[in-house]
Amino acid sequence: MPPGFIDLDLLTAAQIVLLGFIGGVLSGFIGSGGAFFMTPGMMNLGVAGPFAVGTNITHKFGKAIIGSKKHGELGHVDKKLAIFMLLTAAIGIRLAVWIMGKLFEPAGGHGGGHGAGANLYISTVFVVVLAVVSATMLRDIIRSSKTADAKPSRKIVELLTRLRLPPVIHFPVADVRVSLWIVLICGLATGYLAGTIGVGGFIGVPAMIYIFGVPAQVAAGSELFLAVFMGAFGAMNYGFEGLVDIRLVLLLYCGSLVGVHIGAYGTKVVKEVIIRLVTACIIALCVLSRAIAIPVYLRQLGYLQYNPAYDEYFNAASKGLLYASGITGMFIILFFVFKAYFQRRRVRASVVTGVRKTPATAS
Amino acid sequence: MQLICISRGTYAGGKELAEKLAVKLGYACLSREEVTDAAARAGIPVGRLEMSIVRHRPLNEQLAVDKERFAAFITARLAEGALEGGMVYHGRTGHLVLPTIDNVLRIRAIQDAETRINRTMVRLGLSREKARKYINEVDEDRSRWARMVYNVDCEDPSLYDMVVNFDHMSVDNTAVALVSLAGLPEFQQTPASRRELKNLMCAAQCRLAIGDDPRTRHIDAKVKAEGSKITVTYPPRHQSAAAPIPEILTSVRDVSEVTCTMAATNILWVQERYNAEGTTLPELLEIAEKWNAAVTLVRLIATDEAEPATDKAARKGEGADDAFPLSSTEDDGGILDDEEAEEAGDDGGMDATMDLLIRHGRAGGRTTVTGSPQALIRSLDRTLQVSLVVIGDVFLSRSDSLRKRQTRELTAYVGESLRVPVIATEELKAQYLFGASQWLKLAGLLCMTGLMFGLVMTHQEQATTFMMKEGLHHRVLSVVLLVLFVPTFAYFWGQSASYLLRLVKFE
């Protein structure tokens with residue numbers, strides 16, 4: 001096998017399919033791409049960080065085409081907004097790929113020296129960004145349980161509306177007016193994170209909701225539309241650098257495209273607060289899992305001194321925690337999904353009887 | 001007897017106009033504040049509702065139910081007023097309360113921002129800047145309230161029959177002009193509009209009865225009425241609590257039959273004539289069972305209402321061959337023809353279809369709309385969760401080619417307005433059910449998926465080497481193949497997975 005590509009036996013292939021399935025269930029359930037689980041999952045299976053990101057962004061590209069088509073049919077895609085964001089998102093992706101390439105090279109090219117610099121960089125960005133996302137979600141859940149209200153704050157939207165940085169552009173589907181500069185900055189951040197850790201949606205969607213004031217459904221649809229182009233651009237860039245393992249992309253699809261339907265079914269039968277709680281907890285555990293792996297990269301780079309034999313334990317703990325969080329989250333979702341699925345059949349019979357009352361007394 | 005709704009902003013003079021108009025016409029005058037007080041006395045937490053909206057927060061489950069109760073309360077009061085001798089209502093969203101009633105005279109009262117600021121400064125003793133801020137905030141709250149409660153943009157001028165500007169007209173003269181306007185035939189009640197008003201009032205009273213009972217107060221129930229027949233739908237999570245609903249509704253006047261349906265969502269079936277024995281109903285029932293949905297019958301009796309009312313009147317002289325000729329203002333004695341009267345006694349097969357839906361526990365209610373596609377959209381409850389609209393045979397009086405074109409236009413218009421999938425009845429099987437052609441497609445898709453997967457997995461060494469090979473030509477070629485191969489595989493396998501899940505009714 002060429003350097004950087006892992007040997008694929010049946011067990012590893014099955015694990016990749018499982019990663020895809022869990023990622024798909026989580027993705028369908030919480031509306032993100034599932035990369036926060038699949039990227040570190042692949043890294044734990046021995047896939048070098050840049051390969052894991054490149055493979056995942058390519059995987060998301062195909063999936064986003066299908067998802068955005070469905071959202072488009074429902075009128076949830078603001079193409080104008082997505083295209084404006086794309087202008088700088090492309091620069092963000094290119095920047096991310098360039099940084100990744102630079103970090104990967106000194107380690108001896110594809111896979112040499114375990115690509116520790118790139119792995120450390122990816123893991124650090126992953127931990128910082130997703131820790132903030134998870135903490136924000138948990139804070140919102142706690143706040144909403146106290147006040148019995150749940151709504152993204154519009155303080156930033158109102159502040160920016162008052163600032164009115166020209167030129168201000170109207171986005172017709174989302175029905176918002178936003179300064180072009182704000183859109184371009186958010187596009188850049190989304191592209192950079194999509195290119196670095198494959199989770200642009202975690203920035204793009206909240207940015208659209210909290211900063212632009214876009215309705216949640218339109219934000220999700222527009223981000224998916226944006227993801228088609230970002231994914232295509234990312235896939236082309238990583239592909240050009242030879243950092244995409246097409247075998248892993250196909251294996252991920254085998255699991256994710258089934259899981260995503262099951263996860264989406266779950267959103268219709270599970271309360272919103274549970275959806276957000278499960279999501280926040282899974283992300284927090286993924287962050288912890290990646291944080292545990294960081295000392296290994298620090299030691300490989302010579303920043304930390306300890307017995308290399310301990311690497312095995314760090315990796316095992318990281319892998320175990322990631323799988324535990326993903327599998328537990330998946331089982332919680334599947335529990336609700338199948339409970340609702342079978343309950344639906346039981347309940348139907350009871351509704352049919354005694355639904356009609358004739359005649360009633362008239363007062 | 002009629003209903004006049006005056007929508008007003010803060011200190012825009014609407015209140016004064018409403019009071020003068022009510023005196024001139026001899027109608028009762030009702031303000032939003034009076035309705036709000038009455039609703040609060042009836043136990044609806046209007047204050048909490050308003051605070052949530054002012055603070056830009058969506059409603060939690062209980063407040064969402066209370067919002068429905070308040071909407072029902074205001075609907076009942078206005079419908080009652082319109083039926084019992086006429087009423088002038090003034091408030092922020094009165095024009096939205098009875099959207100299906102065309103004869104309501106809807107007026108928007110506005111005033112120059114400067115005048116409003118001055119009046120606010122005088123009345124509230126505020127500084128200029130604070131008065132401006134106060135007016136802007138109240139106007140924004142009003143818009144948010146309309147979006148939250150009725151899911152529409154209340155600033156849309158097409159929602160009003162007339163906009164009056166008190167900077168150009170005095171309140172007295174406006175009242176005089178509106179008395180004349182209110183006498184026009186377009187704003188008189190007809191037997192059909194009275195029937196519709198009674199339906200709305202009955203549905204609202206039933207909704208209030210459900211909300212008033214402590215056992216069912218928290219249930220997110222949607223109520224429809226057609227005559228004395230009531231249909232209540234509620235979500236599955238309230239299944240156990242919904243049992244007392246039929247008993248509660250026995251106390252509501254004029255109710256003779258109650259149908260309760262538990263449903264997570266709704267499917268609207270638009271058709272001009274229903275056939276309970278046809279193939280569409282079993283297909284719809286199968287989909288409704290899969291989705292846990294209620295099927296709502298919307299009978300559309302199409303007329304040429306898209307054109308302006310003036311054109312209708314002008315058309316009178318040349319309209320000898322029109323399906324539904326309309327009278328002109330001059331010779332109709334002030335009352336427009338009741339178009340629906342022609343259909344009296346003919347339910348278009350709705351009764352039989354409804355009976356079958358009830359038997360299967362999937363009845364979501366019924367509505368008859370006479371008019372254009374715009375009237376159809378106006379007649380729909382925009383707060384209702386709809387997952388699919390199915391359009392069957394409509395425009396039956398038209399020629400084949402015209403019917404096809406108008407049905408296509410209707411499909412596009414409904415899709416754009418409701419933003420949900422809209423399909424024709426003949427597409428149901430292909431889109432949502434599983435038949436022979438779906439088996440064939442699934443087999444084809446699985447073959448293609450297997451072929452592509454097998455190709456890569458049996459040539460791993462070659463595939464990975466190819467992806468890595470140096471040289472610009474190779475790099476570009478590998479990128480092109482990647483961006484073509486990956487989405488194609490995703491499409492084949494994604495469609496296969498979708499069909500497989502549909503096969504096991506997992507949608």
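Student: What covers the buried residues of α11(B)?

Tutor: Start with terms. Helices (H or I, at least four residues) and strands (E, at least two) are DSSP runs, numbered from the N terminus. A residue is buried if 20 or more other C-beta atoms lie within 10 Å of its own, exposed if 12 or fewer, and partly exposed in between; C-beta atoms are placed from the backbone. Two residues are in contact if their C-beta atoms, placed from the backbone, lie within 7 Å. Here the cover includes β9 (265-271), β10 (293-302), α13 (350-359), β12 (386-391) and α16 (428-432) of chain B.

Student: How are the model and its numbering to be read?

Tutor: This is a predicted model: local features need pLDDT of at least 70, side-chain atom pairs count only at pLDDT 80 or more, and totals for chains, interfaces and linings use all residues. Residues are numbered from 1 along each chain as its sequence is written, while chains are lettered from A and ligands numbered from 1 in the order in which they are written.

Student: Which residues of α11(B) are buried?

Tutor: They are B:T280, B:L281, B:L284, B:I287, B:A288 and B:W291. They cover an arc of only 125° around the axis, which puts them on the same side of α11(B). The arc is that of the directions from the helix axis to the C-beta atoms. After the helix comes B:N292, with a positive phi near 60°.

Student: Which residues have the most contacts inside the largest nonpolar core?

Tutor: In soluble globular proteins, nonpolar side chains tend to be buried together. A nonpolar core is a set of buried Ala, Val, Leu, Ile, Met, Phe, Trp, Tyr and Cys residues joined through C-beta atoms within 7 Å. The largest has 117 residues, and A:M85, A:L226, A:A235 and A:Y253 have the most contacts inside it. Helix α9 (residues 216-240) of chain A gives the largest share, 15 residues. A second, separate core of 105 residues includes B:L17, B:L96, B:I107 and B:I230.

Student: In what order do the five strands of the open sheet in chain B run?

Tutor: Two strands pair if DSSP finds at least two bridges between them. The order is β2-β3-β1-β4-β5 (chain B), with parallel pairing. β2 (28-31) and β5 (162-165) of chain B stand at the edges, each with a single partner strand, so one side of each lacks a neighbour in the sheet.

Student: How many bridges join β4 and β5(B)?

Tutor: Strand β4 (residues 105-110) of chain B pairs with β5(B) over four bridges, in the parallel sense. B:A109 has B:V164 in β5(B) as its bridge partner.
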